[in-house]
Amino acid sequence: MTVPLATSMSAAADAPRVGIASAVAGDPTGKPPDEIERVLHVGLDVQAGEVITTGSADRAHLLFLDGTALTIGSEAQVTLDRFVYDSDRKLGELGVTATKGVFRLVGGKISKKTPVIVTTPSSTITIRGGIALFSVEPTRTTATFVFGYEMTLTSQGRTRSVTAPGFQVSAMLGQPPGLASPVARGGLADSIGRLEANGGKRDGGADRAAKAAGLAEANSARGPNAAGPVQGGPGPASQMPGGPNGPGGPPRMGGFDPQGVGPMQPFPPAGAGGARTAP
């Protein structure tokens with residue numbers, strides 16, 4: 001059974017949830033379709049089409065029904081565009097629009113078969129079966145591959161694919177993406193600080209709070225209970241130009257420290273995961 005997205009105030013209470021706010025700091029807000037803006041609290045349902053906004057002292061962790069986890073840093077905004085999930089078959093689609101800010105996405109069950117799609121003002125990112133950190137500005141997007149099968153960044157009809165942890169790729173508005181390059185030691189310190197809820201100290205405080213609230217502990221961990229297909233958001237968008245179409249594969253492990261201190265040994269061998277143009 002497929003549940004339609006609510007389209008009126010009277011039906012808002014019956015709108016399908018796509019996940020929950022599993023941990024928050026400060027007063028991040030959510031604006032569901034056809035509803036007033038509200039402050040997000042731990043355990044509050046989030047809906048397809050909802051716009052999440054954080055201020056300078058705010059952070060939020062969202063846990064989707066398939067186990068996907070999205071960390072939203074300070075001064076950020078993201079719209080939960082598309083979520084379809086069949087818990088019986090463990091298949092679905094997930095797409096968000098990140099307008100500004102720093103985000104970390106840990107892929108759940110959906111991303112094992114179908115890439116999660118992140119749309120930004122300058123590019124489109126896909127994450128397949130893994131973890132990625134991305135920074136979004138009005139004219140620039142930078143995506144860092146932390147773990148998993150593949151991450152791509154597409155802009156101006158050109159796609160860069162990254163499969164080695166610790167590499168990142170950027171695109172300026174109106175320009176194709178540049179070459180993938182390894183993250184310098186300490187290169188993610190600012191981004192990690194904006195994701196943490198403790199003033200930027202990299203002690204994992206925000207992640208521990210999320211785990212205590214029920215956040216998925218690992219890639220494809222359990223999400224909130226859901227029976228049968230769940231659907232929200234508009235119909236599927238056309239396939240991204242140059243997106244990945246190849247068969248799946250096992251996650252690629254790598255020597256990368258997600259806390260932002262840069263590559264560690266053993267690092268992937270040269271050429272193992274540099275830039276490659278998707279077919």
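Visitor: Which residues do ring pairs link into a cluster?

Guide: Phe 64, Phe 83 and Tyr 85 are the residues joined into a cluster by ring pairs. Keep in mind that this is a predicted model.

Visitor: How many aromatic pairs does a search of the whole structure find?

Guide: The search finds three aromatic pairs.

Visitor: What makes the pair of Phe 64 and Phe 83 stacked?

Guide: Start with the distance. The ring centres lie 5.8 Å apart, and a pair needs centres within 6.5 Å. Now the angle. The planes of Phe 64 and Phe 83 stand at 20 degrees, and planes under 30 degrees apart count as stacked. Therefore the pair of Phe 64 and Phe 83 is stacked.

Visitor: Where in the chain do these two residues sit?

Guide: Phe 64 belongs to strand 6 (residues 59-64). Phe 83 belongs to strand 8 (residues 77-86).

Visitor: Why does Phe 64 count as buried?

Guide: Its relative accessibility is 2%. Buried means under 20%, so Phe 64 counts as buried. Phe 83, at 1%, counts as buried too.

Visitor: What makes Phe 103 and Phe 134 a stacked pair?

Guide: Their rings are 5.4 Å apart, centre to centre. That value is set against the limit of 6.5 Å for a pair. The angle between the planes is 20 degrees, and stacked asks for under 30 degrees. Phe 103 and Phe 134 form a stacked aromatic pair.

Visitor: Why can this pair be said to tie parts of the chain together?

Guide: Phe 103 lies in strand 9 (residues 91-106), and Phe 134 lies in strand 12 (residues 131-137). The pair therefore ties together parts that are 31 residues apart in sequence.

Visitor: Are Phe 103 and Phe 134 buried or exposed?

Guide: Phe 103 has 0% relative accessibility, so Phe 103 counts as buried. Phe 134 has a relative accessible area of 1% and is buried.

Visitor: What does the protein chain have in helices and strands?

Guide: The protein chain has three helices and 21 strands. Of its 279 residues, 52% count as buried.

Visitor: What pLDDT does the protein chain average?

Guide: The average is 75, and 65% of the residues score at least 70. Over residues 1-13, pLDDT stays under 50. Over residues 209-231, pLDDT also stays under 50.

Note on methods. Residues numbered from 1 in each chain as written. Predicted model: local features only at pLDDT ≥ 70, side-chain atom pairs only at ≥ 80, totals over all residues. Heavy atoms only, no water. Helix = DSSP H or I, 4+ residues; strand = E, 2+ residues; numbered from the N terminus. Buried < 20%, exposed > 50% of the residue type's maximum accessible area, 1.4 Å probe, protein only. pLDDT = per-residue confidence, 0-100. Contact = heavy atoms within 4.5 Å. Phe/Tyr/Trp six-rings, centres within 6.5 Å; stacked < 30°, edge-to-face > 60°.
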